[in-house]
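Please look at the sequence and the structure shown here before reading on. The paragraphs that follow lead through selected places in the chain.

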Amino acid sequence: MVWTDRLTAAEKYRAKCYRVDQVPGSPGQYFAYIAYDLDLFEPGSIANLTASIIGNVFGFKPLKALRLEDMRLPVAYVKTFQGPATGIVVERERLDKFGRPLLGATIKPKLGLSGRNYGRVVYEALKGGLDFTKDDENINSQPFMHWRDRFLYCMEGVNKAVAESGEVKGHYLNVTAATMEDMYERAEFARELGSIIVMIDLVIGYTAIQSMARWARRNSMILHLHRAGHSTYTRQKNHGISFRVIAKWMRMAGVDHIHAGTVVGKLEGDPNVIRGIYDTCRETHVAQNLQHGIFFDQPWASLKKVMPVASGGIHAGQMHQLVSYLGEDVVLQFGGGTIGHPMGIQAGATANRVALEAIVKARNEGRDIWHEGPQILSNAARTCTPLRAALDTWKDVTFDYVSTDQVDFVPTATALV
């Protein structure tokens, strides 16, 4: 013992492992439940939280692997965070869009277009019926298209589509940059141009994300987060961090949108895992549900809700599955499923809008959209040539791969009493 030990309340501040369970079907792997005193954490700081929880411990030599599956954050701590800058309810009020998922598309090809042609894609997609278009994660400010040119041409396309459709629309202008000063400059320019939404990438870091969330709250701006880079540490089962945890941190940090999986698309997405992530984003109180990977009850203490975004390999023919799996408060983003349409970009957007409205109408009528979905879409396509072309083009496109990140849950039979 050294003299500093006598001046530290070690029993109070020391982490405490209070439970250890065998991971079902995985010999030699265990769930360890560890509690930390609240005084160990700086209020309202994701950077401090993560430095404490996932700092050095993941590199300890005695540990072959370690994964953070879930966290329970007490209300007293949650209340120190701003939470989403806008939230689902206010976003829908600003957009004047209710009762259905929102529709979006990522501009393709994402690299190489000039600013003028990029803006033309934005206009055609929004004019065809989408609510949003989006920069991709690595569109920043490159020689073929500097950020200021892109912002100007994109907002020209947005404003023209708004004027012609009478609907509120937006484009996720990616303000990700090398420094906070650069990001603030780009965000301010987007605001001056009248944009309702800006975008950042997860790779900018937790402090930068919280800083941009505060800027978005002050400036009445929706903040979209692209989760670029997350799979380097969320996808493997035996080491890293579950994306459920990242979703919790990002809700606290203050983003309004987060890419959260599709189930049926080309990216990682086990149905139970995705359900747990979507509940984490959208519910005011998330109850323990081991089948969905939720280990603890999580009260959200009135923090606003995050709008999940489904993107990656989805198309109009899956609309009934997407609405069944993901619900209403979600942005469905069809990139190639819009821009790759054989009749053109505007037709691709129209196909997605008609497919969505047909499925939502059938759902509201009480029909079984999961089983009747293909027929509902086929009927709608009789009077919508773009939808017919979309169904014919992508009818056989599926991504039936086993997810690497699945829930470690085995149902246990109980005796009838």
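A residue is called buried when its relative accessible area is under 20%, exposed when that area is over 50%, and partly exposed in between. S220 has a relative accessibility of 48% and therefore counts as partly exposed. This residue is found in the loop between helix α8 (206-218) and strand β8. Although S220 is not a glycine, its phi is positive, about 50 degrees.

The model is a predicted one. Its average pLDDT over the chain is 91, and 94% of the residues score at least 70. Among the elements of the chain, the highest mean pLDDT, 98, belongs to helix α7 (residues 180-192), and the lowest, 79, to helix α9 (residues 231-234). Where pLDDT is low, the predicted coordinates should not be read in detail.

Helix α4 covers residues 88-95, and its buried residues are I88, E91, R92 and L95. Why do these residues lie on the same side of α4? They cover an arc of only 95 degrees around the axis, and this places them on the same side of the helix. The face of α4 that is turned away from this buried side carries V89 and E93, which are exposed. The buried residues pack against several elements, including the strands β4 (102-104), β5 (132-134) and β8 (222-226), as well as helix α11 (271-282). Strands β10 (257-259) and β13 (307-311) are also among the elements packed against them.

What comes after α4? The helix is followed by D96, a residue in the loop between α4 and β4. D96 has a phi near 55 degrees, which is a positive value in a residue other than glycine. Because its relative accessibility is 60%, D96 counts as exposed.

Helix α12 (residues 319-326) can be read in the same manner. Its buried residues are M319, H320, L322, V323 and L326. They cover an arc of only 165 degrees around the axis, so they are on the same side of α12. The cover over these buried residues includes α11, β13, β14 (331-333), α14 (345-364) and α15 (369-381). After α12 comes G327, with a positive phi near 85 degrees.

A single residue may now be followed in more detail. M250 lies in helix α10, which covers residues 243-253. Is M250 buried or exposed? Its relative accessibility is 0%, and therefore M250 counts as buried. Leaving aside neighbours within four places in sequence, M250 is in contact with L202, Y206, I209, L225, V255 and I258. M250 and Q210 are 40 residues apart in sequence, while their C-alpha atoms are 8.6 Å apart in space.

The surface also deserves attention. Which residues form a nonpolar patch there? The patch is formed by Y13, I34, Y36 and L40, and together these residues have about 330 Å² of accessible area. Y13, one of the four, is located in helix α1 (residues 10-13). With a relative accessible area of 34%, Y13 is partly exposed.

One further place concerns the backbone. The peptide bond from K108 to P109 is cis, and its omega is near -10 degrees. P109 is situated in the loop between β4 and α5 (115-127).

Terms used: Residues numbered from 1 in each chain as written. Predicted model: local features only at pLDDT ≥ 70, side-chain atom pairs only at ≥ 80, totals over all residues. Heavy atoms only, no water. Buried < 20%, exposed > 50% of the residue type's maximum accessible area, 1.4 Å probe, protein only. Helix = DSSP H or I, 4+ residues; strand = E, 2+ residues; numbered from the N terminus. Arc of directions from axis to C-beta. Contact = heavy atoms within 4.5 Å. Patch = residues over 30% accessible without salt bridge, like charges linked within 9 Å, V, L, I, M, F, W, Y side chains within 5 Å. Areas by Shrake-Rupley, 256 points an atom, 1.4 Å probe, with all protein chains shown as cover. Salt bridge = Lys/Arg side-chain N within 4 Å of Asp/Glu carboxyl O. pLDDT = per-residue confidence, 0-100.
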